[in-house]
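Colleague: I've got a new model open and I'd like to learn how to read it. Could you walk me through it?

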Amino acid sequence: MTHMRPQDILMPVASGLCCKPGGFHIDPVRPVERAVITHGHSDHARAGHGAVLATQETLDMMRLRYGENFAGTTQAIGYGEEIRLGDTRVTFHPAGHVLGSAQVAVTCKDFCIVASGDYKDAPDPTCTPFELVPCDVFITEATFGLPVFRHGDATGEVEKLLASVALFPERAHLVGAYSLGKAQRVIKLLRDAGYDAPIYLHGAMEKITHYYQSRGIDLGELRPVAGVKKASLAGTITLAPPSATSDVWTRRFPDPVTAFASGWMRVRARARQRGVELPLVVSDHADWDGLTATIAATGAGEVWVTHGQEDALVHWCRSKGLRAQPLDLVGYGDEEESEPPLQGEAEA
Amino acid sequence: MNRFAELLDRLAYEPGRNNKLRLITSYFRETGDPDRGYALAALTGALSFKHAKPALIRDLIASRTDPVLFGLSYDYVGDLSETVALMWPRRGTNNNESFPSHPSPPPSPTRGEGAQQNAELPARVTTGSASESDGGSPLTIPSPLVGEGQGGGYTGQGVSNGLHPSNHNNPPPPTLTEVVTTLRTLGKTELPKQLERWLDELDETGRWALLKLVTGSLRIGISARLAKTAAAALGDKDPHEVELIWPGLSAPYLDLFAWLEGRGDKPVNRDPAPFRPVMLAHAIEDADFQNLDPADYIAEWKWDGIRVQAVAGRDERGQITTRLYSRTGEDITGSFPDLVPSLRLPGAIDGELLILREGRVQSFNVLQQRLNRKVVSPKLIKEFPIHLRAYDLLGDDENDLRELPFAERRARLENFIGKLGDPRIDLSPTVPFASWDALTAARADPSSAGAGEDADAVEGVMLKRRDAPYLPGRPKGQWWKWKRDPHIIDAVLMYAQRGHGKRSSYYSDYTFGVWTGRDEVEELVPVGKAYFGFTDEELLQIDRFVRRNTTEKFGPVRHVVHEPDKGLVLEVAFEGLQRSPRHKSGVAMRFPRISRLRWDKPPREADRLETLERMLKGEAAEVEA
């Protein structure tokens, strides 16, 4: 048999990353027969596939978001477990991105490709830490693929939030955070920093956050913000989807300080554009140093770069003597941009 | 420096004045001398050192990073200081390092924020699916952290230091004092090395603030006045008190902070030509007149120039020092050297800066040619001759007149101006009136009420109580301003943008336009932007209208329906017009605000650009003269 080329194993097609010898797609953006899903964010986990293979947490989140019939059949797989699909062996490994997030390692013959999905190597008390998987081809995201993105210490950012709450006790603090993963991490970091007052939640946050709690993550006392009197929200912290923090919804808060927890907050223009007053640099994704260190450590000789700032990362790889190419995959990005408003959370 | 940088960072995002004050005051409280003093100097623009050129910063980053990565980053961030601050590599991580010997340990879950979680969610190690064909990986496979505490030693920067090699014997980051005092004495050739050292020592925000400071582009929306007010709040003092002693103070203001914290006496202002906080007027409303007696008031013209304070005083050696202050106390003497020789007599005049040509007052547009000039050329001085029109006398030689009633100060002023006998300085005439009706008539037609040919430069009338002392700020019932009716046009709302701070959930910034074109092809062209003038209730109404009538969205901007029969007409009031090549319409308004909502008016009946062009003709002619 001729030499195996990586694109014989995984190939980008319109519906996503296709594994022909395995007969499945990874994070397909269109309905397919068999889908392998890395994590629960809506740009990666979509409804309508025939069969879905994912971690239990990811399957649970898809069920919460899309209802019972989100897929024909489902199969749960644990970290480190191996499954044979067609001519391939597939294993799941923690990606450190959100609860249940996984990197998918696809091995065909002796050749291994890791599709890392979204990942971060920084610590996160709400999910299993990122695990390094040595491989021949590493498929990396590049959300923060520019050297200006260095995210530093998330606990420091939470301290910044608490300092602001202490300085402005008569104002409400509204923290914009993606509802899956970021919100729970911010809450957990607040708790770890010793903040034990009730934390308020926008309606769109509740389901997923309660799911995290049901998985044994202690988030302290949480309350729905709906129906709470304006005056009693002074000095409190409320978590809300980013889109809500600049909408009429905010009028229920006394003189709110608008914070936003996101890796984008590293860049002032991005924060200003959103009208953020208290940018908190807390990211779900690896920063530049994390991306480059991870790529180097996988030992991969070839790197495929998807969604984000591909150019800079591809350039970096090549300057280090690695083969690298941007992978033309469409349909991925911040979950926020693609997330439809949840029912019952219309302007009020 | 890092703490100061943190303050600047926070201020840059905070839109509310009171909140800015709280942030600054809290910084002064938490930060010791002399750092806070230099911070106060930086915020009030009182620091002076030779600034670094952007080219120097570019050279520094070029020596440390890959040019392609810098280019991509700069394109993305759009600001040189910020790009450099964010991507400045820590020592030892620059890209000259060879990749195969990358000494970095693999990214590892031992970056311990999640110690507790590790116990809750079992992490598994895998060595599986590692390729045998890559000749054996040099990597050690990380073992998961199981256990308690911050296992990975994850403490702030430590994370990155652990992950990415760096110098563990880093010197502490410089203090603001160190930066400021070093910059003052540093030679030009030593600057690059010094900057590089500081950039290595500071964090991202610290580097950003440092670069903004050394390039002289510290624009964070803080006025000197606001910074002084924040300092005053530290000791529960009236900001005017700080303003009064300010000219005698210098960085790092140890005596000021000692006084504010009750540890020292109030510093004495020994400046021979100090600024005196300005007295301001309230806008008068129709209803106010019934409670006022015309006999209690003196009226004078309100000239459309710049309010200034011209002060001359003798120093210890008897030499005259002369200063021109803006109404906020900013020293603007340098912009008007041609006025200085005229201020020969020790005293303090409150007056209006104007341009006079052949004895005639020119419009504000003409005066504008002389504002904010770095270089004042002889040509400029000749073409735009400066003039001071005096309203009030606050000091006469050694005597402080501010406690005297206005009528008496006015008499002294007349005497003072007479003694001065200088063609560049004259007296603003009073407007005689016996009743409010008479004053109403004078205000409506200043030219026949004494202003003569200068009537166009009259902005309205001022009413000053005869017995009013000169009080700082805007005291109630002493001075009133009664402006002439502004220019009014009906324009159509075209775009709306969200406001900031309290208004961030409201569409409160409005771009409006007027009709232009010929025959069949009529279109609206934007002529201005306004974000005040409306009541809270009206804001709610417009906000609702914008949300319901959006045709397109571009980020924070909404296109609002504006067709001949569909749309919202805004009555816009403004003070003047100027030609502007930056606007598509070719005109720019001065001080536009929404004066009424014309729900009753269909957009097709709004004003046309020709109307504005007619209004412009008179004013523009003067500028070009």
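Colleague: Let's start with one helix end. Which residue just after H12(B) takes a positive phi?

Modeller: One thing to keep in mind is that this is a predicted model. The residue you want is Asp236(B), with a positive phi of about 50 degrees, just after H12(B).

Colleague: Okay, back to H12(B) itself. Which of its residues are buried?

Modeller: A handy idea for any helix: an α-helix has 3.6 residues a turn, so residues three or four places apart point the same way. Now the case here. The buried residues of H12(B) are Ala227(B), Lys228(B), Thr229(B), Ala230(B), Ala231(B), Ala232(B) and Ala233(B). They pack against H2, helix H3 (35-43), helix H13 (239-245) and helix H14 (254-260), all of chain B.

Colleague: Take H2 from that list. At what angle do H2 and H12 of chain B pack?

Modeller: At about 55 degrees, and their axes are 8 Å apart. The two helices are therefore oblique to each other, and the crossing of H2(B) and H12(B) is right-handed. On the H2(B) side the contact uses Arg17(B), Lys20(B), Leu21(B), Ile24(B), Thr25(B), Phe28(B) and Arg29(B). H12(B) brings Leu226(B), Ala227(B), Thr229(B), Ala230(B), Ala231(B), Ala233(B) and Leu234(B). Sort the residues of that contact by type and you get nine nonpolar, two polar and three charged.

Colleague: Let me try another pair. How do H5(B) and H6(B) cross, left-handed or right-handed?

Modeller: Right-handed. H5(B) and H6(B), the latter residues 80-87, pack at about 125 degrees with their axes 9 Å apart; they are therefore oblique to each other. Phe70(B), Ser73(B), Tyr74(B) and Val77(B) in H5(B) meet Leu80(B), Glu82(B), Thr83(B), Leu86(B) and Met87(B) in H6(B).

Colleague: Where else does H5(B) turn up as a packing partner?

Modeller: Against chain A. The buried residues of H8(A) pack against helix H5 (67-77) of chain B, together with strand E11 (137-142), helix H7 (288-298), strand E18 (302-308) and strand E19 (323-326) of chain A. Buried in H8(A) are Glu310(A), Ala312(A), Leu313(A), Val314(A), Trp316(A) and Cys317(A).

Colleague: Now cores. Which residues touch the most other members of the largest nonpolar core?

Modeller: The general idea is that in soluble globular proteins, nonpolar side chains tend to be buried together. Here the largest core has 174 residues, and Val106(A), Ile113(A), Val186(A), Leu239(A) and Ala259(A) touch the most other members. Ala259(A), leaving aside residues up to four places away in sequence, touches Leu161(A), His173(A), Leu174(A), Val175(A), Gly176(A), Val276(A), Leu278(A) and Leu280(A). A second, separate core of 54 residues includes Phe275(B), Phe336(B), Val361(B) and Ala390(B).

Colleague: What about a loop residue? Why does Val281(A) count as buried?

Modeller: Just count neighbours: the cut-off is 20 or more other C-beta atoms within 10 Å. Val281(A) counts as buried because 24 lie inside that 10 Å. Its place is in the loop between strand E17 (278-280) and H7 of chain A. Among the residues Val281(A) touches are His151(A), Glu157(A) and Met265(A).

Colleague: And how many helices and strands does chain B come to?

Modeller: 20 helices and 20 strands. Buried residues make up 38% of the 625 residues in chain B.

Technical notes:
Residues are numbered from 1 along each chain as its sequence is written. Chains are lettered from A and ligands numbered from 1 in the order in which they are written. This is a predicted model: local features need pLDDT of at least 70, side-chain atom pairs count only at pLDDT 80 or more; totals for chains, interfaces and linings use all residues. Axes are lines fitted to C-alpha atoms, for helices over the stretch in contact, and angles run from 0 to 180 degrees between N-to-C directions. Helices (H or I, at least four residues) and strands (E, at least two) are DSSP runs, numbered from the N terminus. Angles under 35 degrees count as roughly parallel, over 145 as roughly antiparallel, 65 to 115 as roughly perpendicular and the rest as oblique. A crossing is left-handed if the near helix is turned anticlockwise from the far one by less than a right angle, and right-handed if clockwise. Two residues are in contact if their C-beta atoms, placed from the backbone, lie within 7 Å. Ala, Val, Leu, Ile, Met, Phe, Trp, Tyr, Cys and Pro count as nonpolar, Asp, Glu, Lys and Arg as charged, and the others, Gly among them, as polar. A nonpolar core is a set of buried Ala, Val, Leu, Ile, Met, Phe, Trp, Tyr and Cys residues joined through C-beta atoms within 7 Å. A residue is buried if 20 or more other C-beta atoms lie within 10 Å of its own, exposed if 12 or fewer, and partly exposed in between; C-beta atoms are placed from the backbone.
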